[in-house]
Amino acid sequence: MASLRVTVTPDTFTLVDFDPDRIAALAAEVASKVGLTGDITIEVDQTTPLGRTRVVSVDPVVVNVQSGAFEDAKRLRQLSERSAVDVLGRLFHRVKDRLDPRFADAPADGDLTLAQATAWDTYAVGRCERLGYHPSKPRRLYHFRNRHGFTDVADQAFERLWSAPAGSLSWADIQAMCDQTAAIRV
Amino acid sequence: MKKHMPPGELARDERFVRFDREARFEDRRQERRTGPARRGRITPETPAAPDIARSMMHGIFVGEIQALEGAGRTCWDFDAGSDRDEVPFALKLDMARQCWDESRHCEISVKLGEWMGTEIGEYAENTILFEAACNRDAVLRLAGVNRALEGLAIDVFNTMREFGQASGDPVLDFCEDWMLADEVTHVKMGSDWLRRLTENDPDRRERALEFQRVVDKLFSYGGFRGEDDESPVQLARRFRELAGFTTDEIDDIAELSRQAAAEG
């Protein structure tokens, strides 16, 4: 079995009640299911309660999350394992896709439009569900409709992305669905 | 049945968790937060717009529950009469009508939450609306709840209605429009009763207006509600006029918001 080593920074949290070992264990489990190997670093910015997340590097894998992204929406400063798994699953699938030559022409994360990013996220989060996790499909559908329109065409595109098996789509497929929903938006 | 029920006794099932105000003050991350005002007005181009909208509408949902409870308590807590600790029967009828409106708003909000992918109790519940509805003076309740908080609801509903229109979300647009119409009526009832009940009691009126200012400022924290584009929730001048606010009163709220934004 290929090695997988997860590092969480900082190694001690002072502004939030997060357990770095627990985050590392969750990350290792998710990464393993997604099929990532090697060194993975999870940088948690505990100085802000906001919730932005980003992939800093694909090889080695480095992701940066603001503490709000891992936080329990009901309990300030407490870790939500469900949120952590949601975020890590989505980001790790994006990393996995970027390592696939069929995603070579995908724009850099910073250059993705909101519609492209949301479509890619849908493909990623749908795969998380099939790995046995419990992401909120209605929440993702609402995100998708906001970016692709409140139309039957958008809903059909969402279902195709959500139910697409791992490894079945290329960036061109995702872009084609974005083009399809864009064509009927005013 | 007990009168003047404290907020701690509100009935909630296990899905709901009360917002922990102490924890908020102990959260040192807040010191470094750029403040909600800096987040800016919610538009379809806002990267986190769907989740901001979901969170805001969940806040409205629990506010509707508390508005129902508050109006119901005002019906019950005060006997009909003309003494200082009593209220006119017609006011109780208005509160009963408001209960009916808020009940519908709760149902609309539950359905809207399902549409937006939000679970009931997904976010912590802030009970400040019901706390304002616990004042022993009915006039202060009306000022704090019907004018300040229902006034805020007008601003939120109008902001979210515009967001729904801009993002092409027909359900959000429709729900907000209908609830907004009711809120204008609730605020108008508060404005009318405030003036009638304090017609010959300027001290009581001033205390009520001061209570309203305190509540208004609380919800303008960091510029959350204001007239600048940086404010996530926009002050809805036209609808506030329809609800009985004078131009001077709206200007005062705008100024409070600017002060709150400057204080961060």
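Helix α5 of chain A has the buried residues Ala154(A), Ala157(A), Phe158(A), Leu161(A) and Trp162(A). A residue is buried here if 20 or more other C-beta atoms lie within 10 Å of its own, exposed if 12 or fewer, and partly exposed in between, with C-beta atoms placed from the backbone. Seen down the axis of α5(A), these buried residues fall within an arc of 130 degrees, so they line one face of the helix; the arc is that of the directions from the helix axis to the C-beta atoms. Their cover includes α3 (114-130), α4 and α6 (171-184) of chain A. Two residues are in contact if their C-beta atoms, placed from the backbone, lie within 7 Å.

Helix α5 (residues 152-163) of chain A has 12 residues, which should span 16 Å at 1.5 Å a residue, and its end C-alpha atoms are 16 Å apart, which agrees. The expected span is 1.5 Å times one less than the number of residues.

A note on the model and its numbering: this is a predicted model, in which local features need pLDDT of at least 70 and side-chain atom pairs count only at pLDDT 80 or more, while totals for chains, interfaces and linings use all residues. Residues are numbered from 1 along each chain as its sequence is written, and chains are lettered from A and ligands numbered from 1 in the order in which they are written.

**The two chains**

Chain A has 6 helices and 6 strands, and its elements run β-α-β-β-β-β-β-α-α-α-α-α from the N terminus on. The radius of gyration of chain A is 16 Å, close to the 16 Å that the globule rule gives for 186 residues, so chain A is as compact as a globular protein of that length. Chain B has 10 helices and 2 strands, in the order α-α-α-α-α-α-α-α-β-β-α-α from the N terminus on. Its radius of gyration is 18 Å, close to the 18 Å from the globule rule for 264 residues, so chain B is as compact as a globular protein of that length. Helices (H or I, at least four residues) and strands (E, at least two) are DSSP runs, numbered from the N terminus. The radius of gyration is taken over C-alpha atoms, and the globule rule is 2.2 Å times the number of residues to the power 0.38.

Here are some chain-level values side by side.

| Chain | C-alpha box along the principal axes | Residues that count as buried |
|---|---|---|
| Chain A | roughly 50 × 40 × 30 Å | 39% of 186 residues |
| Chain B | roughly 55 × 40 × 40 Å | 43% of 264 residues |

In chain A, 60% of the contacts between residues at least 6 apart in sequence join residues at least 24 apart. In chain B, residues 24 or more positions apart account for 77% of the contacts with a separation of 6 or more.

**Where the chains meet**

The contact between the chains takes 20 residues from chain A and 23 residues from chain B. On the side of chain A that touches chain B, β6 (75-79) and α4 (137-148) of chain A each supply at least two residues. The most comes from α4(A), with 6 residues. This side of chain A divides into 9 nonpolar, 7 polar and 4 charged residues. Ala, Val, Leu, Ile, Met, Phe, Trp, Tyr, Cys and Pro count as nonpolar, Asp, Glu, Lys and Arg as charged, and the others, Gly among them, as polar.

**Domains within chain A**

Chain A is assigned domain 1 (4-98) and domain 2 (104-185), with bounds from an automatic or database domain assignment. Taken over C-alpha atoms, the centres of the two domains are separated by 22 Å. Their contact takes 10 residues from domain 1 and 11 residues from domain 2. On the domain 1 side, β3 (53-57) and α2 (81-98) of chain A are the elements that give two or more residues, and α2(A) gives the most, with 7 residues. That side divides into 2 nonpolar, 2 polar and 6 charged residues.

Arg140(A) is found in helix α4 of chain A, and it counts as buried because it has 25 C-beta neighbours inside 10 Å. Leaving out residues up to four places away in sequence, Arg140(A) touches Thr122(A), Val125(A) and Pro135(A).

Leu256(B) is found in helix α10 (residues 247-263) of chain B. With 19 C-beta neighbours inside 10 Å, Leu256(B) counts as partly exposed. Leaving out residues up to four places away in sequence, Leu256(B) touches Arg213(B), Asp216(B), Lys217(B) and Ser220(B).
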